[in-house]
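Biologist: Let us go through this structure by question and answer. Please end each answer on the value or name I ask for.

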Amino acid sequence: DVLKLWKNFIKWSKGNIDILVNNAGYAKPIDFENLSNDEWDKTLGVNLKAAFILSKSAIKIMSKKKSGRIINISSGGWQYGGGRKTVHYSVSKAALEALTIATSKIGAKDKVLVNAIRPGATKTDFHKKMGRTNLSKRTNLVLLKRMARPDEISNTVTFLCGEKSSFITNSIIDIRGGE
């Protein structure tokens, strides 16, 4: 699916890409003891492998132009090792940050800047999909005592895509309200 999406995009854009934002996030909450290999593979496929495939393809094009931006959306949750139901999600997002660091070194010589954003608790439907209904305990871990608004994350993405961030690469930016 990712390669089909990429091919359609390249055809539409006439082979040009300036910015890639890898914003996939998938996790089905499953106790570690019951986590199947298939669910592990699916989670890492969506959260990591897709970013690898797209980044590899984008860097080829961006390197020829000597410019480009890749922004990966990680998660602050992995730093806590995840809960017993989200080990696979945490591992995938930690690996996405490692991919960010590695690809930033590859892209740097051709002015392809690669960074990641590490959001904390953000007010999105993702929590409902994860089966979380009472988020007050989670929100209390945040120094600002609230969840981030989606625009507070997207504003940072926009900043990283612009000229004012021309000397930022190989960075993981926390947007977690002090969590």
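Biologist: At what angle do helix H2 and helix H3 pack?
Modeller: This is a predicted model. Helix H2 covers residues 37-65 and helix H3 covers residues 87-107. Their axes lie 9 Å apart, and the packing angle is about 15°.

Biologist: Are H2 and H3 roughly parallel or roughly antiparallel to each other?
Modeller: Angles under 35 degrees count as roughly parallel. The angle of H2 to H3 is about 15°. H2 and H3 are therefore roughly parallel.

Biologist: Is the crossing of H2 past H3 left-handed or right-handed?
Modeller: The two helices pack with axes 9 Å apart. H2 passes H3 in a crossing that is right-handed.

Biologist: How do the residues of the contact of H2 with H3 divide into nonpolar, polar and charged?
Modeller: On the H2 side the contact includes Trp40, Leu44, Leu48, Phe52 and Ile59. The contact divides into 13 nonpolar, five polar and two charged.

Biologist: H1 also packs on H2. Are H1 and H2 roughly parallel or roughly antiparallel to each other?
Modeller: The axes of H1 and H2 are 10 Å apart, at an angle of about 30°. Angles under 35 degrees count as roughly parallel. H1 and H2 are therefore roughly parallel.

Biologist: Which residues of H1 make the contact with H2?
Modeller: H1 passes H2 in a right-handed crossing. H2 contributes Ala50, Ile53, Leu54, Ser57, Ala58 and Ile61. From H1 come Val2, Leu3, Trp6 and Ile10.

Biologist: How many aromatic pairs does the structure hold, and which residues do they link into a cluster?
Modeller: The structure holds two aromatic pairs. Trp6 and Phe9 form one that is tilted, with 5.9 Å centre to centre and 40° between the planes. Phe9 and Trp12 form another tilted pair, also at 5.9 Å and 40°. The ring pairs link into a cluster Trp6, Phe9 and Trp12.

Biologist: In which helix do Phe9 and Trp12 both lie?
Modeller: Phe9 and Trp12 are three residues apart, about one turn of the helix. Trp6 and Phe9 are likewise three residues apart, in a helix that covers residues 2-12. Phe9 and Trp12 both lie in helix H1.

Biologist: Is Trp6 buried or exposed?
Modeller: Buried means under 20% relative accessible area, and exposed means over 50%. Phe9, at 28%, is therefore partly exposed, and Trp12, at 65%, counts as exposed. Trp6 has a relative accessible area of 11%, so it is buried.

Biologist: What phi does Lys14 have?
Modeller: Lys14 lies in the loop between H1 and strand E1 (19-22). Lys14 is exposed, with a relative accessible area of 76%. Although Lys14 is not a glycine, its phi is positive, at about 60°.

Biologist: Which residues is Glu152 in contact with, leaving aside its neighbours within four places in sequence?
Modeller: Glu152 is found in helix H6, residues 150-161. Glu152 is partly exposed, with a relative accessible area of 21%. Contact means heavy atoms within 4.5 Å. Outside its sequence neighbours, Glu152 is in contact with Arg146 and Ile175.

Biologist: How far apart in space are Glu152 and Pro119, C-alpha to C-alpha?
Modeller: Glu152 and Pro119 are 33 residues apart in sequence. The C-alpha to C-alpha distance is 9.4 Å.

Biologist: What distance separates the C-alpha atoms of Lys109 and Ser154?
Modeller: Lys109 lies in the loop between H3 and strand E3, and is exposed at 66% relative accessible area. Lys109 and Ser154 are 45 residues apart along the chain. Their C-alpha atoms are separated by 27 Å.

How values were computed
Residues numbered from 1 in each chain as written. Predicted model: local features only at pLDDT ≥ 70, side-chain atom pairs only at ≥ 80, totals over all residues. Heavy atoms only, no water. Phe/Tyr/Trp six-rings, centres within 6.5 Å; stacked < 30°, edge-to-face > 60°. Helix = DSSP H or I, 4+ residues; strand = E, 2+ residues; numbered from the N terminus. Buried < 20%, exposed > 50% of the residue type's maximum accessible area, 1.4 Å probe, protein only. Axes fitted to C-alpha atoms, helices over the stretch in contact; angles between N-to-C directions. Parallel < 35°, antiparallel > 145°, perpendicular 65-115°, else oblique. Left-handed = near helix turned anticlockwise from the far one by under 90°. Nonpolar A, V, L, I, M, F, W, Y, C, P; charged D, E, K, R; others polar.
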